[in-house]
Amino acid sequence: MIREDLRAAIIEEIGNIAPEADAAGAADDADLREALDLDSMDIFNLVVALSKRLGVDIPDADAGQLVTLRGAIDYLARLA
Amino acid sequence: MPSLGADMEAGTLVEWLKRPGDTVRRGDIVAVVETEKGAIEVEIFEDGEVLELLVAEGVKVPVGTPLARIAGGVETPSPDAVPVPTPLPEIGLAPASTAAPPPARPAEVPTPAGTRVSPAARRFAAERGIDLAAIHGSGPGGAVIRADVERTSGQGPEKRHAGIDLSQMRRAIAAAMARSKREIPHYYLSHSFDAVAAKEAVERFNADQPPENRLLLGALLVKATALALRDFPEFNGFFAPDGFLPSKAIHVGVAIAIRGGGLAAPAIHDTDGLPLAELMSRMRDLVARVRRGGFRSSEIADPTVTISSLGDRGVEALLPVIYPPQVAIFGFGSLHDRPWIVDGKIAPRQIMTVTLAGDHRVSDGHRGALLLRRIDQLLQDPQKL
């Protein structure tokens, strides 16, 4: 899966979790928790959604790498 | 129209999920009501058959107005009902999308066997020629409700805070908190504890679990508090005009922030008896429903105590305000790295601060302090939670 597809998938899943957050407008290096006001439950749900959608296992210890768009794309690109 | 809080005077019936002739059982969700706290699913408190719906969709009625007649039962769900089904003028409470029901039902849209569809959803779909079979239901038992059809049709209310009017919610919070500060003589206690054992227990558990089965530390905090409350009944219950009514059941209200402002604290029923995995999944479900405005009447009406947890991006401690008629509220701050004394030596540890606001008409600081220490003890031995 190419990076742009991953980006679109991540933004869509954030949109499902936090419809009122402007995920597409967040800077690549911004901490999504700060930029979009996501809490630990939202990040939890994002990990669940992405692992289901992409069919990959995301260990709990790696969840911290998914808190920026760039970090999430880099991480998922390595798995996919 | 059930009272869903001391300050509620009226509510708008948004959607009926049952129709005359349907059999209902205690606990079934029969209708959706729009209030200052958002859209709330109304449960029924008796078994029987729906004879007649007394209030049409889209109509706002005072608390106490009978909504329906149930065979063999009293008028329900308001036992002390006043028979005044006169519509009040709409004062910005009802969502704009709530149209009056059409006089005749349009042709039925066939649905696959086994799929339950609410009458309003069926009507909405029929009017627009939408195929119900393609819609994933989010209602009780997977039933397709009107909001699901609206989502599919793209004709529904905006996604943003569907069912929640934030300015109404702010007014409801203001009314409850002003009453609390006016009437409840609060006292406050604070206790910092080493949270490493609880945090490591979560990490160990999560290591070999698929994402959807994992836990958050917050679930342990709620469980430990609920268990501790078993031995401290003066912190769990309601303050009534005649005095304190302790509650045998421990229904913890979990404060959930809504992005953009506002919060709600619906109950997780019988919190102390739930295994952690079940508690976690209830918390996830509740957060999702609160943020899209779909909690149930009993969840809103009957928390016996409240917990507010700041999560991982907050500050060290919060000093919460009791939600009347409850008599206690707990606050958990965010984890912080701090120098701590472990076995006589200074060591870096992750520390959390738990606070308690108690009602001095019911309890005293001495017992409150013992309660906070009990929570700490329980979190030092997380395998037992």
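## Reading a predicted model

Student: Which residues is B:Ala31 in contact with, leaving aside its neighbours within four places in sequence?

Tutor: Apart from those sequence neighbours, the contacts of B:Ala31 are B:Leu13, B:Glu15, B:Trp16, B:Leu17, B:Val42 and B:Leu67. The model is a predicted one, and each of these pairs counts as a contact because the two C-beta atoms, placed from the backbone, lie within 7 Å.

Student: Which residues touch the most other members of the largest nonpolar core?

Tutor: That core has 112 residues, and B:Ala31, B:Val252 and B:Val254 are the ones that touch the most other members. Helix α5 (residues 217-229) of chain B gives the most to this core, namely nine residues.

Student: Why is this core said to lie between domain 1 and domain 2 of chain B?

Tutor: Both domain 1 (10-153) and domain 2 (178-384) of chain B give residues to the core, so the core lies between them. The two domains are also in contact, with eight residues of domain 1 of chain B meeting eight residues of domain 2 of chain B. On the domain 1 side, strand β4 (residues 38-43) of chain B supplies the largest share, six residues, and by class that side has four nonpolar, one polar and three charged residues.

Student: Why are β2 and β7 of chain B said to stand at the edges?

Tutor: The open sheet has three strands in the order β2-β5-β7 (chain B), with antiparallel pairing. In that sheet β2 (23-24) and β7 (68-70) of chain B each have a single partner strand, so one side of each is left without a neighbour. Two bridges join β2(B) to strand β5 (residues 48-53) of chain B, which run antiparallel, and B:Val24 has B:Gly48 in β5(B) as its bridge partner.

Student: What makes α3(A) close to the expected helix span?

Tutor: The 15 residues of α3(A) reach 21 Å from the first C-alpha to the last, close to the 21 Å expected at 1.5 Å a residue. Its buried residues are A:Met41, A:Asp42, A:Ile43, A:Phe44, A:Asn45, A:Leu46, A:Val47 and A:Leu50, and the buried residues of this helix pack against α1 (3-17), α2 and α4 (69-79) of chain A together with α6 of chain B. Just after α3(A), A:Gly55 takes a positive phi of about 65°.

Student: How many residues does each chain give to the contact?

Tutor: Chain A gives 15 residues and chain B gives 17 residues. Helix α3 (residues 40-54) of chain A provides the largest share of its chain's side, six residues, and that side has eight nonpolar, two polar and five charged residues by class.

Student: Which omega value goes with the cis peptide bond from B:Pro324 to B:Pro325?

Tutor: Omega for that bond is near 5°, and B:Pro325 is found in the loop between β16 (305-309) and β17 (328-332) of chain B.

Note on methods:
Residues numbered from 1 in each chain as written. Chains lettered and ligands numbered in written order. Predicted model: local features only at pLDDT ≥ 70, side-chain atom pairs only at ≥ 80, totals over all residues. Helix = DSSP H or I, 4+ residues; strand = E, 2+ residues; numbered from the N terminus. Nonpolar A, V, L, I, M, F, W, Y, C, P; charged D, E, K, R; others polar. Core = buried A, V, L, I, M, F, W, Y, C linked by C-beta atoms within 7 Å. Buried ≥ 20, exposed ≤ 12 C-beta atoms within 10 Å, placed from the backbone. Domains from an automatic or database assignment. Expected span 1.5 Å × (residues − 1). Pairing = 2+ DSSP bridges.
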